[in-house]
Number of protein chains: 2
Amino acid sequence: MARLTQQERSRRTREAILVAARRQFAAQGFSQTTIRSVAAEAEIDPSMVMRYYGSKRDLFVAATDLDLALPDLASVPAGERGDVAIRHFLALWEGEAGDDLLRILLASASTDPEAADRVRAVLAAQLEKVVAAAVDDPATARARAALVATQILGLALCRYVLRLPAVTELSPDTIISGVGPVIDLLLTERLDV
Amino acid sequence: MARLTQQERSRRTREAILVAARRQFAAQGFSQTTIRSVAAEAEIDPSMVMRYYGSKRDLFVAATDLDLALPDLASVPAGERGDVAIRHFLALWEGEAGDDLLRILLASASTDPEAADRVRAVLAAQLEKVVAAAVDDPATARARAALVATQILGLALCRYVLRLPAVTELSPDTIISGVGPVIDLLLTERLDV
DNA sequence: AATGTTGGCCAACTGGCGTTGACTTTAACT
DNA sequence: AGTTAAAGTCAACGCCAGTTGGCCAACATT
């Protein structure tokens, strides 16, 4: 066993805690995940979690520091925007461990006010801005962004959180061919506001 | 204070427990809701909850024994089905306490395996069947039902659970004019399976 | 080598949980 | 009126959570 500097030991422990916390928050939500269970999975003492992250809530905040890395839809030709958007999200979510953060937020947001706040913040700052930039009519931009959010989050909810069989069975190609046109429709259809 | 028969007292207590339980399960999910907090809201002793419902889990099952009462989409002319469907769900959810069931299930399903099973059961049995009956091509019926479910549940999630500001601001008419055509599109568009 | 510092473990405290059983009160029945 | 069964209360149990502080060992510093 190689000797490690204290810094390195510390860094590895911190990371092990974060990995275990992300996995458990995503799988079980906030309240079902315990400091003790995270510590057990990271193979350290519960008190170390407190030392490094202060409290359970602070650990949750650290575990959900999230960036959607959305593409700029405004620079995509109209008619291909829905396709680009849904491909982006699928790539993000289907990748190894890439969907953890969203699953954490959705699983926790339903029961935890702080998680719900974080979802609101992330979506308002990122998704809404990108969608609004891709819409011509500023009067309906916010409404269209909201509707796109419902479709995107609904897919994530059904596929990764609820794991509805009919939805998990869908191939990525089927989802792209089904949802892409829906997003295009939401961006362009006539909308009563 | 009027005298009550024992039966009537019992019935009122049972009902008060159920009302409080539904409200709290919907607002906080399964594990955050406690027998004690339900009893406090119903203004009775925690042990009464145990007497009437046996256990916390049984109380949850009793609180989620409801019916979506979905309309038969197959008997609606094509082109109006999305409109009818979204109107139905909005009427169901916007009504007084009508959205409790769905909020309970969504709020709890994310963190509780039993609640997730119930969501799967309810949706598979009710929503999926109705949608499948309204689709001509049996090869794509299940996929279309799944995609419609993502849109419907996504709307419910964003509007009633996460309460995203951009989504709660939408008027029912805006939602109808925006989502109705989306559902029609999902029912009829070409779909790669 | 002696010191201070840091990572880590252990044991304990506090508090809230679901649940139980004994007790008291109230309505129903004879 | 007196008995019985049901509705409701009370106090406690055992458990597990988050959190804390004291302790030890390994490292860094001088």
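**The surface near the DNA**

Author: Of the 19 residues around DNA strand D, those that come nearest are Thr34(A), Ile35(A), Ser47(A), Ser10(B) and Ser47(B), where a residue is near a strand if its C-beta atom, placed from the backbone, lies within 6 Å of it. The model is a predicted one, in which local features need pLDDT of at least 70 and side-chain atom pairs count only at pLDDT 80 or more, whereas totals for chains, interfaces and linings use all residues. Residues are numbered from 1 along each chain as its sequence is written, while chains are lettered from A and ligands numbered from 1 in the order in which they are written.

By class, the surface near DNA strand D holds 5 nonpolar, 9 polar and 5 charged residues, with Ala, Val, Leu, Ile, Met, Phe, Trp, Tyr, Cys and Pro counted as nonpolar, Asp, Glu, Lys and Arg as charged, and the others, Gly among them, as polar.

For the surface near DNA strand C, helix 1 and helix 3 of chain A and helix 2 (35-41) and helix 3 of chain B each supply at least two residues, and the largest share, 4 residues, comes from helix 1 of chain A. This surface comprises 6 nonpolar, 10 polar and 5 charged residues.

The two chains also touch each other, in a contact that takes 47 residues from chain A and 47 residues from chain B, two residues being in contact if their C-beta atoms, placed from the backbone, lie within 7 Å. On the side of chain A that touches chain B, the elements giving two or more residues include helix 1 (6-32) of chain A, although helix 8 of chain A gives the most, with 14 residues. That side of chain A divides into 29 nonpolar, 12 polar and 6 charged residues.
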